[in-house]
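Q: I am new to this structure. Please show me how to read it, one feature at a time.

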Amino acid sequence: MSGVEQQDNNMDKITNRFEDGAEDAELGQALESFKQCVDAWSDAAYSRPRTVEQTVRRRSWRLAVGWALGCVLVAGSLSGGVFERQHQIDLKQRAARQRAAEQQKQGEQQARAQVTDEDLLTDVDSDVSRQVPSAMEPLAQMMAVDESK
Amino acid sequence: MRILEAAVNSGAVRASTWVMAAGTALKAMTMPTAGDIAAEEFSRVVERHRPQIFRFLLSSTRDVDLAETLTQECFLKAHRNWSSFRGESSAMTWLMRIAINLQKDHWRNRRMQFWRTTRTNSVDLDEASEWLPSGESSVEQQLLARERVKQVWTAVKGLSERQRTVFLLRYVEEQELSEIATATGLSEGTVKAHLSRAVGRVRLELGGKR
């Protein structure tokens, strides 16, 4: 005996206990009322006026709102991104400019410091050597002669 | 003379051939094609069985919109496969089988989309029980009948998918067990067993013995 046949036999055993609902008066009446209920509901729902146009309009309105919101979101995020990027570029440029200015200032300071020392020494030399009182001039000339010797 | 006769005859033959050809063409224009016949036949099937399919789906889902959608899908699928329908079973049984499979697929997909499980358009059992024609019975009888119908709806709600399908096909669509077996793809014995359990559940809900 195959498995399918055995299963069918089992089912037959079960169905032997099966009592048709129609035999039971109360059950039969309940099932009859149930059928009538389903029939009436189905007929009413089947012949009800359709509101396709309204639904479509509502859907299209929702669709439009959805699209608008989506566009606003996309535009907002795009412009935000662009603004942020521009801001970063500005900051970088400003920092670079600042750095360059500082470097330039440092260079100038260094150059100024070098020039100032040399100039100072030269000035001191020339001032010391040249600002000699005229009364001492002959002595100074003598000193120069001694040095040459 | 012979030449003249031959010319006349050949002209007559040509004329008659032309008339026949024209007649055939005219016939071809007016005679419906196989496709036209099939389309007409299908539209008759739709007209005849659509309310029944809708009723079954409505009673099974308790959702008017869903029942309408599934009915549309059922006939769309049937239209696509109409050429493969060999008439081994009745058109109604064939359509019912498509409807049952569509419904099964729908619930399976819904289970997959777990976030949609909480949202359902199925009407309340009280609302479903209100659709009872008043007839000539008294108010008390109507109330009693409504209460019974509500109990049956409650029992139907608690049935498994297969039991519900079998029960509705038997007691709402009033189909024979063999038809139910063909539509559901089950053996008649299995159909009887499912029906037995479903009726037992209804009986229990009504307060009787199982």
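A: We begin with a definition: an axis is a line fitted to C-alpha atoms, for helices over the stretch in contact, and angles run from 0 to 180 degrees between N-to-C directions. Keep in mind that this is a predicted model.

Q: How are two packed helices described, and at what angle do helix α2 of chain A and helix α9 of chain B pack?

A: Two packed helices are described by the angle between their axes and the distance between the axes. Here helix α2 (residues 25-46) of chain A packs against helix α9 (residues 188-206) of chain B with the axes 11 Å apart and an angle of about 100°. Angles of 65 to 115 degrees count as roughly perpendicular, and α2(A) and α9(B) are therefore roughly perpendicular to each other.

Q: Which residues make the contact of α2(A) with α9(B)?

A: From α2(A) come A:Glu26, A:Leu27 and A:Ala30, and from α9(B) come B:Val202, B:Arg203 and B:Leu206. Sorted by class, the residues of this contact are four nonpolar and two charged, with no polar ones.

Q: How many residues of chain A and chain B are in contact?

A: Chain A has 26 residues in contact with 29 residues of chain B. On the side of chain A that touches chain B, the elements giving two or more residues are α1 (3-16) and α2 of chain A. The largest share of that side, 17 residues, is supplied by α2(A). By class, the side of chain A that touches chain B holds 14 nonpolar, six polar and six charged residues.

Q: What is the pattern of chain A along the sequence?

A: The pattern of chain A is α-α-α-α, with four helices and zero strands. Of the 149 residues in chain A, 7% are buried.

Q: Where in chain B is confidence lowest, and where is it highest?

A: Where pLDDT is low, the predicted coordinates should not be read in detail. In chain B, the lowest confidence is in helix α1 (residues 2-30) of chain B, with a mean of 49, and the highest is in helix α7 (residues 161-171) of chain B, at 93. For residues 1-13 of chain B the pLDDT is below 50, and this stretch has zero contacts in the model beyond near neighbours in sequence. Chain B as a whole averages a pLDDT of 79, and 75% of the residues score at least 70.

Q: What ipTM and pTM does the predictor give the complex?

A: The complex is given an ipTM of 0.75 and a pTM of 0.57 by the predictor.

Note on methods. Residues are numbered from 1 along each chain as its sequence is written. Chains are lettered from A and ligands numbered from 1 in the order in which they are written. This is a predicted model: local features need pLDDT of at least 70, side-chain atom pairs count only at pLDDT 80 or more; totals for chains, interfaces and linings use all residues. Angles under 35 degrees count as roughly parallel, over 145 as roughly antiparallel, 65 to 115 as roughly perpendicular and the rest as oblique. Two residues are in contact if their C-beta atoms, placed from the backbone, lie within 7 Å. Ala, Val, Leu, Ile, Met, Phe, Trp, Tyr, Cys and Pro count as nonpolar, Asp, Glu, Lys and Arg as charged, and the others, Gly among them, as polar. A residue is buried if 20 or more other C-beta atoms lie within 10 Å of its own, exposed if 12 or fewer, and partly exposed in between; C-beta atoms are placed from the backbone. pLDDT is the predictor's confidence in each residue, from 0 to 100.
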